[in-house]
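I opened this notebook page to record how the two chains meet. The entries follow the order in which I looked things up.

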2 protein chains.
Amino acid sequence: MTVHLVGSGPGDPDLLTVRAARLLRNAEVVVHDRLAEPVLALASPTAARFDVGKHRGDSAYQAEINTLLIELGRTGLEVVRLKGGDPFVFGRGGEEALALSAAGVDWQVVPGVSSAISAPAAAGIPVTHRGVADAVTIVTGHRSKGHRTDWEALAATGATLVVLMGASERAEIARRLVAGGLAPSTPVAAVHDATLPTQRTVHTTLDGLADTSLASPVTLVIGPVAALDLTMTGTMTTVGA
Amino acid sequence: MTVHLVGSGPGDPDLLTVRAARLLRNAEVVVHDRLAEPVLALASPTAARFDVGKHRGDSAYQAEINTLLIELGRTGLEVVRLKGGDPFVFGRGGEEALALSAAGVDWQVVPGVSSAISAPAAAGIPVTHRGVADAVTIVTGHRSKGHRTDWEALAATGATLVVLMGASERAEIARRLVAGGLAPSTPVAAVHDATLPTQRTVHTTLDGLADTSLASPVTLVIGPVAALDLTMTGTMTTVGA
């Protein structure tokens, strides 16, 4: 009676962990987010699937997911709760773990490759780089009651900023970072569909971000490292490579 | 003629990515850091091994590693450069990529599960948690010429701080974070040998950190999430599990 909270990585099934791939192959039930869809092909065709990725960030819906996981956990079936990236980086894995614990259902977390680090890497951008960035901050652009990001304070740290789910709030984020002291010319890279064949990277600056067309899911990298171009000869894992 | 810059994850071989495990099995040469040692058993017994983990952070030695990778890349052998965690999170992977590019040697990065996120997870700590922490900053405690971390500014952001390689500088880090406004009672968790059978977690506070005995490698988690205890019933992947 264990629910496995499993990170699916950035998208490329080759970037699942060995353990995640094995759990997914053996799962009888898979409860997944939209971001985890690219790796679903690894699950058994006979596994039951629950797509719960439609209302991301909605607390009432999250309570329903928690209840679903508890009920599934109690069936004794092999349950995998599959989340894009890592379950404990804006994946609400902690909330699901607490709900399962409260209900007496055992759980196990399997960390995944976070999109916050691997999406920039897929675009040739190291989130830290000696002499350029000595720290990296991962933050969500998603605005909900629970989130009170102090963008002005983040602007003062010198850390690379990686913003997940930031497409819709990008104008406000850029405005507040500049208000906090970042130069309008600060480089920004937006990586869409990282590590998938449809991956696309757009380079802009903070003052150009509002007018840059972006499709979700997108990972924003803000800071001097966003102007690095390590891919001049290098390449990155993509599906089927 | 490709050098693979491969993240080995936090330690447990089961947390390698599928691609990393395959590359490691097929490698003819493995150049590894000390933190990558727990996964070396997956390499072929006939693979040549270079242990270059002795002088972490030394720039002259890093130049020697870069030269070694270039020379190995030119042999046409299957070369895996294996790094603990993720190559682009304080792994100097960016520097090695630039050196390889400059020498005309192709490279490919394979992101790994970062210890910055998975070590806390292994101790039951989500680095972000709704209503508790809306951002996480990853920083190195290692003091070298290239690093000029503004601890006071980081203290003001409200983000969870994850400090890699922070054992030796912990007194100074705690002092500066308190100077920057964090309460001396701010929870701190220190996770040693994360995801390995020897894993051990010590809980303390910022004002207790200097007097807390720590062994490297250790991941420090600083902030309210460090007091969360999701492992009351939950468990974490360990070697052999």
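The entries below concern the interface of chain A and chain B in a predicted model.

**Extent.** I began with the contacts and found 64 residues of chain A in contact with 64 residues of chain B. I then looked up the area: the two chains bury about 5,300 Å² between them, and 59% of it lies on carbon and sulfur atoms. In chain A, the residues that lose the most area to chain B are A:Phe88, A:Arg130 and A:Asp134, which together account for 13% of what that side buries.

I next checked the salt bridges and noted six between chain A and chain B. One of these joins B:Arg19 to A:Asp14, with the closest N and O atoms 3.5 Å apart.

**Elements on the side of chain A.** I listed the elements that give two or more residues to the side touching chain B; among them are the helices α1 (18–26), α3 (93–102) and α4 (115–122) and the strands β5 (106–110) and β6 (135–140) of chain A. The most comes from β6(A), with six residues.

**Strand pairing.** Five bridges join β6(A) to strand β6 (residues 135–140) of chain B, and the two strands run antiparallel. As one bridge in this pairing, I noted A:Ala135 with its partner B:Val139 in β6(B).

Key:
Residues numbered from 1 in each chain as written. Chains lettered and ligands numbered in written order. Predicted model: local features only at pLDDT ≥ 70, side-chain atom pairs only at ≥ 80, totals over all residues. Heavy atoms only, no water. Contact = heavy atoms within 4.5 Å. Buried area = accessible area lost by both parts, 1.4 Å probe. Salt bridge = Lys/Arg side-chain N within 4 Å of Asp/Glu carboxyl O. Helix = DSSP H or I, 4+ residues; strand = E, 2+ residues; numbered from the N terminus. Pairing = 2+ DSSP bridges.
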